[in-house]
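Colleague: I'd like to learn how to read a model like this one. Could you take me through it feature by feature?

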Amino acid sequence: MGNSEPIFIRNITVVDSEIVKQGVDICIEDNWITGLSRECTKSGIVIDGGGLIATPPFYIAHTHLGLYPISRIVGSWSHLDEWASSIAWRWEPKLTSLDSYYSAVIAIYDYIGQGIGGIADMHFNMDSIAEVVEKSGIRANLSVAIMNQGFYEDDWKALEDNMRFYRAWNGRSGRIKVSLGPCTIRLVSRGVLEEIARIKAEENIGIHMHVDEVWEDEEYSLRTYGVKVVYVLDKLGLLSDDTILAHGVWLDDDELRVLAKHKVLVAHNPTTNMLLRSGIARARRMLQLGVKLGLGLDISPTQSVVDEVLSAITSSRLIGEPLTAKDLFDALTLYASSMFKPLKLGLIREGYLADLVLWIHNGKPRTNIYEDLLLGAYKPHTLIINGKIVLNEGHVETISKDTYYKALRHIEDKLQEVLQEF
Ligand SMILES: [Zn+2]
């Protein structure tokens, strides 16, 4: 898979959260960016960057690859709880390891083609997901969805599986990180939440959790713990710069300040928030208060970054707190790179890990560079992750087309089989 020679990219325009700079030469050796504006000392692959733009890849801060096939059943979207009990929790126990494997193949193949270089995924059969991540060449922060409903029914058993998975996969290939995934405050018992906090403190493991996707989270938290969710997590020590909280639709300013203080990454999922009528998260306000914002694809029907960016921009305008393309570029690159803490990612700099996308113009009219990059005026030409080429001139190098089509057929058969029972 991939290459082991140095990669020299000549005369390219670099765009990241801090700079827009033309005529840059980038040298990549092993998995590092070892030089900017100088030639590689050893010969290797040379890419002519004329007419191309180099950016960090997009890192998607919240996904469920195993739910990818049922995300397309749009007609069934209702309130989160109704959707979970009537669709997700009926689908999930029927998922075999092979189903999860092929589901991940389809999702990651599509992601690579969009310039996505890393994900934070929480679900079941995570060994299968990790296997696909490892083969695909992308990065992932993976966790088991710890919950007392659906797939596991017993949250202690789910936690045990998360820890087994952690020991088996954390640190593999330098691209896989394993976190703990308490699904939501409503689906994890107090005892398990306290145990997760104890393990986090002892073993320094990251957290990935749904928070305030729906108001019912707050009702439950007030009823059970006497305070809102963020304060429960803060008291337990679950908030840190290694914590991802997904959704955050109902967080108020005081709670956002607590998240900013702890450098928590909030994954904004505007499309699913709208489809499930959960509400519109105050993403712009999060940025104003210093919260790190990421963007999730969750189980959006199209699984497209362009569509998610449009959802984020349009929904933010509805609440009078408009996000810009630059806000979302930062969210997808620099801010989201923190989910791979402590790795140096998210900018194109000497001494950073070599994760980058080279974009080619798609022949659409120009607006500003960040809008162009996010809204489809450019398309990914090359994707390099950890110094290896995973997308080459628009072709996925690490997953064959045959495997992708085989996965599509497998999942289509599975869907037909399961849907008959729905
Ligand atoms: Zn989710």
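Modeller: Let's begin with strand pairing: two strands pair if DSSP finds at least two bridges between them. The strands themselves (E, at least two residues) and the helices (H or I, at least four residues) are DSSP runs, numbered from the N terminus. Here, β1 (residues 7-15) and β5 (residues 52-55) run parallel and are joined by 2 bridges. Before going on, keep in mind that this is a predicted model, where local features need pLDDT of at least 70, side-chain atom pairs count only at pLDDT 80 or more, and totals for chains, interfaces and linings use all residues. Residues are numbered from 1 along each chain as its sequence is written.

Colleague: Which residue in β5 is the bridge partner of T13?

Modeller: I53 is the partner of T13. β5 also pairs with β15 (residues 356-361), this time antiparallel, through 4 bridges.

Colleague: How many helices and strands does the protein have?

Modeller: The protein has 14 helices and 18 strands.

Colleague: Why does the radius of gyration agree with a compact globule?

Modeller: The radius is taken over C-alpha atoms, and the globule rule is 2.2 Å times the number of residues to the power 0.38. For 422 residues a compact globule would come out near 22 Å, and the protein has 21 Å, which agrees. Its C-alpha atoms fill a box of roughly 60 × 45 × 45 Å along the principal axes.

Colleague: And the domains?

Modeller: Domain bounds come from an automatic or database domain assignment. In this case, the assignment gives domain 1 (7-56 + 348-396) and domain 2 (58-340). Over C-alpha atoms, their centres are 28 Å apart. Domain 1 puts 22 residues into the contact and domain 2 puts in 22 residues; two residues are in contact if their C-beta atoms, placed from the backbone, lie within 7 Å.

Colleague: Which elements give two or more residues to the side of domain 1 that touches domain 2?

Modeller: They are α13 (369-374), β16 (378-385) and β17 (388-392). α13 gives the most to that side, with 4 residues.

Colleague: How should I read the core?

Modeller: A nonpolar core is a set of buried Ala, Val, Leu, Ile, Met, Phe, Trp, Tyr and Cys residues joined through C-beta atoms within 7 Å. Buried means 20 or more other C-beta atoms within 10 Å of a residue's own, exposed means 12 or fewer, and partly exposed is in between, with C-beta atoms placed from the backbone. The largest core has 130 residues, of which A61, I108 and I112 touch the most other members. Helix α2 (residues 97-113) gives the most to this core, with 9 residues. Leaving out residues up to four places away in sequence, A61 touches several residues, including I244, L265 and M339.

Colleague: Which residues does the cis peptide bond join?

Modeller: The cis bond joins K341 and P342, with omega about 10°. P342 is in the loop between α12 (325-335) and β15.
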